[in-house]
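This briefing covers a ligand site, a chain interface and charge pairing. Please look over the model first, then read the points below.

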Amino acid sequence: MIKRINICFTSSGSTFNEASKVKDAVTAQESAIVRIEDVSTVYEGERRPAIRDVNLTIERNELVYVLGPNASGKTTLLETINGLLPAYRGRIFVFGLNVRNHGRRVRCEVGYVPQDFMVEPGEPYTAFDIVMMGRYGKIGVLQRPNEADHERAMEVMRLLEIEDLAPRPIGKLSGGQQQKVMIARALAKEPKLLLLDEPFSNLDPESREMVPRIINQLHEEKGMTTLIVTHDIHNMMKTCHRGVVFRDGRVVVDETPEKALHKLEVMR
Amino acid sequence: MIWLELDIMRRAVLGCVLTGILTGLMGVFVVRMRISAIGYSMSHGAFAGAALGVATSMNPLVTAMLFASITAFLIGPIADKARLHADTVTSIIFPLNMALAFVFLTLTPEIGLTSQVASVLWGSIISMTNNDVVYMVTLCAATLVIIHFVWKELFAIMFNRKLAEADGINTRAFVYLVIFLSGVVITFSIKLVGGLLIYALLFNPASSTLQFLEDMRKVIVVSPLLGVGTNLSGLLVSLFLDLPVGSCIVLVSTLVFAVSVLVSPKRRRKIENERR
Ligand SMILES: Nc1ncnc2c1ncn2[C@@H]1O[C@H](COP(=O)(O)OP(=O)(O)O)[C@@H](O)[C@H]1O
Ligand SMILES: [Mg+2]
């Protein structure tokens, strides 16, 4: 078997060229996982920025809530951070890497669960296929998933108690089951940063309790960092470090979760 | 009957098999990646290009490839960025390419070129040479090797391009690779069915297979087989009824598509859901 060519950002760093080694050194000094400087994102064809003049720093191992009314720019924030929306002003660093130049490398290490992701019933993919795909970027071009990759994907599915769904067609699962598959997909890549966009909307109460528990566990064991966009804040209050409230594309509150929640209620 | 000539017959069968594999395979990517508009436009670009080749006595393969590439180059970025709806662009490119093709064919010097004109318009198995067969075998092998190596990425992009991008895959590079390969395949398939009908070969086997199979790994194998099957059936029909091969192949493959839609478990489920 050929040794894997690592095109992605990994902690080993051994396969990197010199330029990125320098960047790694920068990362080591900086504890901020995400640093956003004066960022405004404009959608193509729009004139008004969906988020504007955002400044935000998220430290390693932090668990941050992003709150705010509909259309306030929460989803836009997440997709600007992982570089899916490249049309922004300002500067964004993730793991110390400029997202504008290193977007793909960053995305190999960022788990993303999009909002309201639902699949048509006839989609020719199994739940396991979808979870495994989370690792594809990390595995690298021209490489095939190996035993360890399979094991890792199954491990995450067991963690979320969906291992028996693995061979089932994704489209035939319930909304909640699909949502858990999407979370498993994001976790399968063993992300350093996890971005969750309203991940609890379709989950039953039992899973709403389980998913935060798993995230907490990964925070403790792997030093993961997480941003969660949600309305369902009560389950996680005890472990959440910060609440960031968006309104009309601007950060209006960046406080402890209790205070953020309080201000959010006053705003209404 | 000229058909019974062994050499011609052998090349015809080989042409059907190779074209069936290639279009059936690339069609799956084109349909699933929702770049049908590009495939469609490239087909007619290749048609106009082949017509130019015949008119100017250049190699129609080269000119067809050139026109397909230009079309892909023009329409690709537009469809990719969704700045302009792909449908809108297709509606402009299609008549443009048709008009060009007919102008070129009208300009064609008449002496001895009728069969070449016919092969560009309707396809002509008889004009398939041994060289054509060699090209197609090479193309088939190259395509299969390339797809084997980038299957993982294509598999993910066919599920959802945005998610694939979010997982660190360079989706644009792979979508463009598919566009490029499809352009080459279209160009080489023109001899079989002609430039007017070539798109059906790309679209029908893939869409039929996607109607009734629910495992992408099976789809990618069955669609080329179905392409081979419909091509050979079309060839047989054309032999018995003495009709143009290309038209017969498209008629058979459209019939297969219609049947697959009617018996599709997906469609049945949809109806059941609506009844509920
Ligand atoms: N694809 C898009 N094109 C143009 N505008 C968009 C697009 N997606 C979102 N927007 C706009 O950007 C703003 C923020 O949207 P979004 O980030 O989805 O808000 P939230 O996630 O907080 O509900 C809204 O005004 C919305 O209309
Ligand atoms: Mg949103």
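An oxygen atom of ligand 1 is 2.8 Å from an N or O atom in the side chain of A:Lys74, within the limit for a polar contact (a pair of N or O atoms within 3.5 Å; within protein, one must be able to donate a hydrogen and the other to accept it, and residues adjacent in sequence count only if both atoms are side-chain atoms). This is a predicted model, in which local features need pLDDT of at least 70 and side-chain atom pairs count only at pLDDT 80 or more, while totals for chains, interfaces and linings use all residues; side-chain values use heavy atoms, with hydrogens and water left out. Residues are numbered from 1 along each chain as its sequence is written, and chains are lettered from A and ligands numbered from 1 in the order in which they are written.

**Ligand 1**

- A polar side-chain atom of A:Thr76 lies 2.5 Å from an oxygen atom of ligand 1, and a backbone N or O atom of A:Ser72 lies 3.2 Å from an oxygen atom of the ligand.
- On its own, ligand 1 has 560 Å² of accessible area (Shrake-Rupley method, 1.4 Å probe), and the protein covers 62% of that area.
- The residues around ligand 1 (a heavy atom within 4 Å) include A:Tyr43, A:Glu46, A:Pro69 and A:Gly73.
- This shell divides into four nonpolar, five polar and two charged residues, where Ala, Val, Leu, Ile, Met, Phe, Trp, Tyr, Cys and Pro count as nonpolar, Asp, Glu, Lys and Arg as charged, and the others, Gly among them, as polar.

**Interface of chains A and B**

- In contact (heavy atoms within 4.5 Å) are 32 residues of chain B and 35 residues of chain A.
- The buried area (accessible area, 1.4 Å probe, that two parts lose on being put together, summed over both) is about 2,800 Å², with 55% from carbon and sulfur atoms.
- B:Lys152, B:Phe159 and B:Asp167 supply 27% of the area that chain B buries against chain A, more than any other three residues.
- Between the two chains there are 16 residue pairs in polar contact, both residues at pLDDT 80 or more.

**Salt bridges**

- Eight salt bridges (a side-chain nitrogen of Lys or Arg within 4 Å of a carboxyl oxygen of Asp or Glu) are counted between chain B and chain A.
- One salt bridge joins A:Glu123 to B:Arg32, with the closest N and O atoms 2.8 Å apart.
- Over all chains, the search finds 26 salt bridges.
- Within chain A, A:Asp53 pairs with A:Arg250 in a salt bridge, the closest N and O atoms being 3.5 Å apart.
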